[in-house]
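Please look through the sequence and the model below before reading on. The briefing that follows takes up a few local features in turn, grouped by topic.

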Amino acid sequence: MAARKIIIDTDPGQDDAVAILLALASPEELDVLALTAVAGNAPLDLTAKNARIICELANKADVPVYAGCDRPLGRDLVTAEHVHGKTGLDGPDLPDPKMPLQDEHAVDYIIDTLRSEASGTITLCPLGPLTNIATALQQAPDIAERVQQIVLMGGAYFEVGNITPAAEFNIYVDPEAADIVFKSGIDIVVMPLDVTHKALVTKSRNDAFRALGTPTGIAVAQMTDFFERFDKEKYGSEGAPLHDPCVTAYLIDPDLFTGRHINVEIETQSPLTRGMTVADWWRVTDRPPNATFIGDLDADGFFALLTERLARL
């Protein structure tokens, strides 16, 4: 089997960083064509910088990084420095990147790549707000039928919201973009909080990252040391959930995950529930299924895969 061609759309973010590292450490399964940065966890200048920092940490400076949209489609940007720190990647002390940012806009890159590569061979992996993906679909509707799959981190149903009582952060930041993506007809797989909150970095799991003794392993341990303080205080959990690595782990070993193919709609109007992913988990409506909504994972298998792959870098 040839490696699956993917574009990672991202707003790093410590958990984004781990997701990217997992992908870059898995060339047999994943061919990372590029990283496309979007505003989300931090403003665009920081997310584009952080994406390059991560590539260099993995010694993969040949992976191009493109900067995309600096604000949601029709709203002011909401960021999450309260979770990720002022740089968006607080924790480890990593050097500024030497590799350049590409000149082309991320949205143009996504469109050009989907049109030039064989139809049905590119998977999009959004780890942040869906602004870049939705903008590409708006500007070039023809690309929708050329996308192999979208595997994204976002949303919640049983776990409800982490930025409002009803909404998960990535969807809340740009619900109009999410609405466009979920109505696109593309094959979508969703990693909501319902599954990512089961991917907890316990002390023993983080000790395993640190024990790798490599710059990457130590940096990941430092990232989760910083990241977990917020979730421990908020949820009373024993560690931080690694949200975004669920996307790349799914692409490498989908058998680690279980879910249902259901209808998912995005609330864009209500001031009370803006950004809510209304997931018809029990199939109580006649709305057609449009996404595979993941609900559970083999956490031990997930962390075994992650630790083994990080050891390669």
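## Briefing

Aspartate 244 touches Asp15, Asp16, Ala19, Leu127 and Met153, leaving aside residues up to four places away in sequence, where contact means heavy atoms within 4.5 Å. The model is predicted, so local features need pLDDT of at least 70 and side-chain atom pairs count only at pLDDT 80 or more, while totals for chains, interfaces and linings use all residues. Residues are numbered from 1 along each chain as its sequence is written, and side-chain values use heavy atoms, with hydrogens and water left out.

**Aspartate 244**

- Aspartate 244 is buried, with a relative accessible area of 1%; buried means under 20% relative accessible area, exposed over 50%, and partly exposed in between, for a 1.4 Å probe and protein chains only.
- Aspartate 244 lies in the loop between β8 (240-241) and α11, where helices are DSSP runs of H or I with at least four residues and strands are runs of E with at least two, numbered from the N terminus.
- Between aspartate 244 and valine 264 there are 20 residues in sequence and 19 Å in space, taken from C-alpha to C-alpha.

**Helices α1 and α11**

- Helix α1 (residues 14-24) and helix α11 (residues 245-252) pack at an angle of about 20°, with their axes 7 Å apart; axes are lines fitted to C-alpha atoms, for helices over the stretch in contact, and angles run from 0 to 180 degrees between N-to-C directions.
- The two helices α1 and α11 are therefore roughly parallel to each other, given that angles under 35 degrees count as roughly parallel, over 145 as roughly antiparallel, 65 to 115 as roughly perpendicular and the rest as oblique.
- On the α1 side the contact is made by Asp15, Val18, Ala19, Leu22 and Ala23, and on the α11 side by Pro245, Thr248, Ala249 and Ile252.
- By class, the residues of this contact of α1 with α11 divide into 7 nonpolar, 1 polar and 1 charged, where Ala, Val, Leu, Ile, Met, Phe, Trp, Tyr, Cys and Pro count as nonpolar, Asp, Glu, Lys and Arg as charged, and the others, Gly among them, as polar.
- A cis peptide bond, with omega about -5°, joins proline 12 and glycine 13, and glycine 13 lies in the loop between β1 (4-10) and α1.

**Helices α4 and α5**

- Helix α4 (residues 106-116) packs against helix α5 (residues 131-139) at an angle of about 60°, with the axes 9 Å apart, which makes α4 oblique to α5.
- The residues in this contact are Ala106, Val107, Asp108, Ile110 and Ile111 of α4, together with Asn132, Ile133, Thr135, Ala136 and Gln139 of α5.
- The contact of α4 with α5 has 6 nonpolar, 3 polar and 1 charged residues.

**Helix α2 and asparagine 59**

- Of the 14 residues of α2, 10 are buried, so this helix is largely enclosed by the rest of the structure; the buried residues include Leu44, Arg52 and Leu57.
- Asparagine 59 follows α2 and has its place in the loop between α2 and β3 (65-67).
- Phi of asparagine 59 is positive, near 60°, in a residue other than glycine, and asparagine 59 is exposed, with a relative accessible area of 66%.

**Valine 160**

- Valine 160 is not a glycine, although its phi is positive, about 50°.
- Valine 160 lies in the loop between β5 (147-153) and α6 (169-173), and at 43% relative accessibility valine 160 counts as partly exposed.
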